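Here are my notes for a colleague who is reading this structure for the first time. Please keep the sequence and the model side by side while going through the points.

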Amino acid sequence: MNDTATRRNRWTFALGTLGRDMVYTMMALFLIVFLTEVLDLDDTTLWWVNGILLATRIFDAFTDIIMGGIIDNTSTRWGAYKPWIALGAVLTGALTLVLFSDHGLNGAAFVAAFALIYLAWGLSFTMNDIGYWSMLPSLTRDGSERERISALTKIFATIGLFVTVVAIIPVTTALGGGAAAWTTFAAIAVTIMLVGQCITLLGVREPSTAAAREHTPLRELFSIVFRNDQLVWTATAMMLFLIGYNTTTSFGVYFFKYAYRDEAMYAPFAAILGVAQLLGFALFPVLRRRLSRRSLFTLAMGLVVAGYVVFFFSPMNLIPIGLAGLLMFAGQALVVVLMIVNLSDCVEYGEWKLGRRNGAVTFAVQPFINKIGGAVATAIVGATLIVTGINTAATPDDVTAEGLLGLRVMMLFFPLALMLVSYLVYRRGYRIDEAFRERILADLNARSDQQG
């Protein structure tokens with residue numbers, strides 16, 4: 001591809017995730033807030049909802065692998081990815097509006113309706129998410145260009161994420177704070193998502209040299225994943241890291257409302273986190289020119305650990321807490337880009353080792369991990385809110401000192417422990433460094449020449 005086509009793909013692919021991540025952030029971080037703070041579910045209903053969220057996300061995560069196989073076997077005039085991206089975006093948008101609305105249901109009726117709608121939302125987002133991310137390896141085999149696309153995509157994803165995180169409380173409060181205000185905010189996010197997805201669908205052009213996909217029997221899908229040992233190591237490290245990350249971020253609103261005792265300060269803190277992540281993504285290409293991936297991963301984890309330690313021992317003052325957030329989320333941004341690049345390399349590694357290219361199945365591991373991470377994190381948050389008494393607290397004064405300590409431990413110490421284990425897993429098992437990757441590509445090119 002020429003430079004103009006490469007830049008076009010880079011930008012139109014990246015822009016597509018701006019609104020997607022606004023919607024996903026509403027679901028991952030704020031659906032539990034909507035249920036507990038707006039619909040004001042009682043403890044019994046919240047226990048049921050907590051179980052539904054966990055079970056549905058785990059089930060939906062396993063359907064990601066199946067969806068990856070379906071996409072790998074898809075052949076249309078628009079390619080394998082775009083039909084699923086389009087269908088998934090439309091259905092996801094509609095179901096998001098349904099979930100962030102008050103339908104006047106209570107008790108068993110609410111639980112049953114919520115379970116069905118939430119399951120449908122997960123399946124719809126799966127279509128879109130796997131179609132979108134599995135397109136990435138098909139755009140280029142050049143490692144540097146993949147890193148540029150991944151970093152730019154995560155910049156737009158982070159903008160979408162933190163626009164939601166920063167704006168949702170002030171905007172819904174300004175609109176009255178009730179369920180109708182949240183529905184309005186959801187409608188704005190869905191509109192931006194659909195516009196962004198149209199940019200990707202109309203703007204991205206797959207190179208004519210993209211590797212052809214072979215038909216993959218559905219019965220072999222999970223075998224493909226587990227036989228790719230580097231994919232297994234990467235997935236395990238990512239899952240542990242994202243459970244920790246999602247747990248910390250999911251507690252944000254509750255921390256500022258009940259521990260910091262000023263919910264309005266959540267928005268400026270979230271803005272600091274957004275700046276930190278954007279800084280991490282912007283610095284990634286610069287740091288990669290000077291550091292190997294492994295060294296950069298170590299630096300990133302050092303920043304994350306320092307941030308958690310500072311946060312836990314900080315007084316209730318936004319300056320030290322903000323500094324902790326800068327450290328944590330700048331490091332987290334570097335880790336996220338590295339893991340996306342590692343997943344991309346696992347596509348070629350799988351082709352090299354197994355003799356078959358399964359880009360969609362391989363990249364289905366990313367949403368699989370995100371959903372498992374989000375499911376476990378939401379379950380941890382929901383259980384913590386009930387056990388610490390926060391769910392039934394009318395004001396911050398109603399939460400005991402023990403309850404606040406439990407909130408801080410589950411928000412900070414538990415996630416940090418998971419992230420440290422994820423680093424050890426990565427160092428123990430992942431071995432596709434720069435030299436190994438070049439060898440893989442050379443072998444694949446040699447095979448292609450022999451077959452050609």
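1. A residue is called buried when its relative accessible area is under 20%, exposed when that area is over 50%, and partly exposed in between, with a 1.4 Å probe and protein chains only. This is a predicted model, in which local features need pLDDT of at least 70 and side-chain atom pairs count only at pLDDT 80 or more, while totals for chains, interfaces and linings use all residues. Residues are numbered from 1 along each chain as its sequence is written, and side-chain values use heavy atoms, with hydrogens and water left out.

2. E348 lies in helix α14, where helices are DSSP runs of H or I with at least four residues, numbered from the N terminus. E348 counts as buried because its relative accessibility is 2%. Leaving aside residues up to four places away in sequence, E348 touches R141, R146, R357, R437, I440, L441 and L444, a contact being heavy atoms within 4.5 Å.

3. The largest nonpolar core has 133 residues, and F13, F30, L35, F100, F114 and F311 touch the most other members. Helix α14 (residues 318–354) gives the most to this core, with 18 residues. Such a core is a set of buried Ala, Val, Leu, Ile, Met, Phe, Trp, Tyr and Cys residues joined through side-chain atoms within 4.5 Å. Among the contacts of F311, not counting residues up to four places away in sequence, are F255, F269, I321 and M328.

4. The structure holds 10 salt bridges, each being a side-chain nitrogen of Lys or Arg within 4 Å of a carboxyl oxygen of Asp or Glu. In one of them, K353 meets D229 at 2.9 Å, N to O. This pair links distant parts of the chain, since K353 is in helix α14 and D229 is in helix α10 (residues 229–250), 124 residues apart. K353 counts as partly exposed because its relative accessibility is 41%, and D229 is also partly exposed, at 21%.

5. R148 and E145 form another salt bridge, with their closest N and O atoms 3.0 Å apart. The two residues are separated by about one helical turn because they are 3 residues apart in helix α7 (residues 143–174). R148 is partly exposed at 39% relative accessibility, whereas E145 is buried at 6%.

6. Which residues are linked in a network of salt bridges? They are R293, D345, R437 and E438. Within this group, the closest N and O atoms of E438 and R437 are 4.0 Å apart, and R437 is buried, with a relative accessible area of 7%.
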